[in-house]
Amino acid sequence: MKAYAKLVNNGLEAFDVVNDLHRQGYTEKEIYVLAHESDRTARLADAADTNKVGLSEEGMFETIANLFRTRGDELRNKIESMGFDPYEASMYEMELDHGKVLVMARH
């Protein structure tokens, strides 16, 4: 099942999208944020009370494989694990390269 996704310019816009998703009935465990830098992803997820794409979404093999991948490959894999095809994942990852933040949600 494909997740909802929205690209935003910064953390403040991400918080607005997260709040909108909460109003639509999504829980914090169903909302994910992703930025190019892993520490930025962690800070945003903590501040916005959202989830991070991890073991339960990717599976053990992919999570371990990410340890050996470039950051771009890791991001594309995380996006694909949310139900997006490789083309969409590449497009989103390219936007993350330019400083955007990706907010995703799925029930």
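Buried, as the word is used in these legends, means under 20% relative accessible area. The model shown in every view is predicted.

**Figure 1. Gly 72, a buried residue of helix H5.** Gly 72 has a relative accessible area of 12%, so with the cut-off at 20% it goes down as buried. Its place is in helix H5. Look for Met 94 here too: it sits 22 residues from Gly 72 along the chain, yet the two C-alpha atoms are separated by 8.4 Å. Gly 72 also turns up in the next view, as one of the H5 residues that touch H6.

**Figure 2. Helices H5 and H6 cross at roughly 130°.** Two packed helices are described by the angle between their axes and the distance between the axes. For H5 (residues 71–81) and H6 (residues 86–97), the axes come within 9 Å. With angles over 145 degrees counting as roughly antiparallel and 65 to 115 as roughly perpendicular, the pair is therefore oblique. The crossing of H5 past H6 is right-handed. On the H5 side, the contact is made by Gly 72, Leu 75, Arg 76, Ile 79 and Glu 80. H6 brings Pro 86, Ala 89, Ser 90, Tyr 92, Glu 93 and Leu 96. Sort these residues by class and you get six nonpolar, two polar and three charged.

**Figure 3. The whole chain, for orientation.** Here we step back from the close-ups for a moment. The protein chain has six helices and three strands, and reading along the sequence gives the pattern β-α-β-α-α-α-α-α-β. Of its 107 residues, 42% count as buried. Take the contacts with a separation of 6 or more: 60% of them are between residues 24 or more positions apart.

**Figure 4. The largest nonpolar core, with its 15 residues.** In soluble globular proteins, nonpolar side chains tend to be buried together. In this core, the members that touch the most other members are Val 8, Val 18, Leu 21, Ile 31, Val 33 and Val 103. Two or more residues each come from helix H1 (11–23), strand S2 (31–34), helix H2 (38–48) and strand S3 (101–105). H1 gives the largest share, four residues. Apart from this core lies another one, of twelve residues, including Ala 3, Tyr 32, Leu 34 and Ile 79.

**Figure 5. Around Val 8 and Glu 13.** Which residues does Val 8 touch, not counting those up to four places away in sequence? They are Glu 13, Ala 14, Val 17, Lys 100, Val 101 and Val 103. Glu 13 itself belongs to helix H1. Its relative accessibility is 30%, so Glu 13 counts as partly exposed. Glu 13 and Val 103 are 90 residues apart in sequence, but C-alpha to C-alpha they are 9.7 Å apart in space.

**Figure 6. Helices H1 and H2 cross at roughly 45°.** The axes of this pair come within 11 Å. Angles under 35 degrees count as roughly parallel, and H1 and H2 are therefore oblique to each other. This crossing is right-handed. Gly 11, Phe 15 and Val 18 make the contact from H1, while Arg 40, Leu 44, Ala 47 and Ala 48 make it from H2. By class, the contact divides into five nonpolar residues, one polar and one charged.

Figure 7. Most residues other than glycine have a negative phi. Asp 49 is not a glycine, yet it has a positive phi of about 55°. Leaving aside neighbours within four places in sequence, Thr 50 is in contact with Val 18, Glu 28, Ile 31, Val 33, Leu 44 and Ala 45. Val 18 is 32 residues away from Thr 50 along the chain, with 7.9 Å separating their C-alpha atoms.

Notes
Residues numbered from 1 in each chain as written. Predicted model: local features only at pLDDT ≥ 70, side-chain atom pairs only at ≥ 80, totals over all residues. Heavy atoms only, no water. Axes fitted to C-alpha atoms, helices over the stretch in contact; angles between N-to-C directions. Left-handed = near helix turned anticlockwise from the far one by under 90°. Contact = heavy atoms within 4.5 Å. Nonpolar A, V, L, I, M, F, W, Y, C, P; charged D, E, K, R; others polar. Core = buried A, V, L, I, M, F, W, Y, C linked by side-chain atoms within 4.5 Å. Buried < 20%, exposed > 50% of the residue type's maximum accessible area, 1.4 Å probe, protein only.
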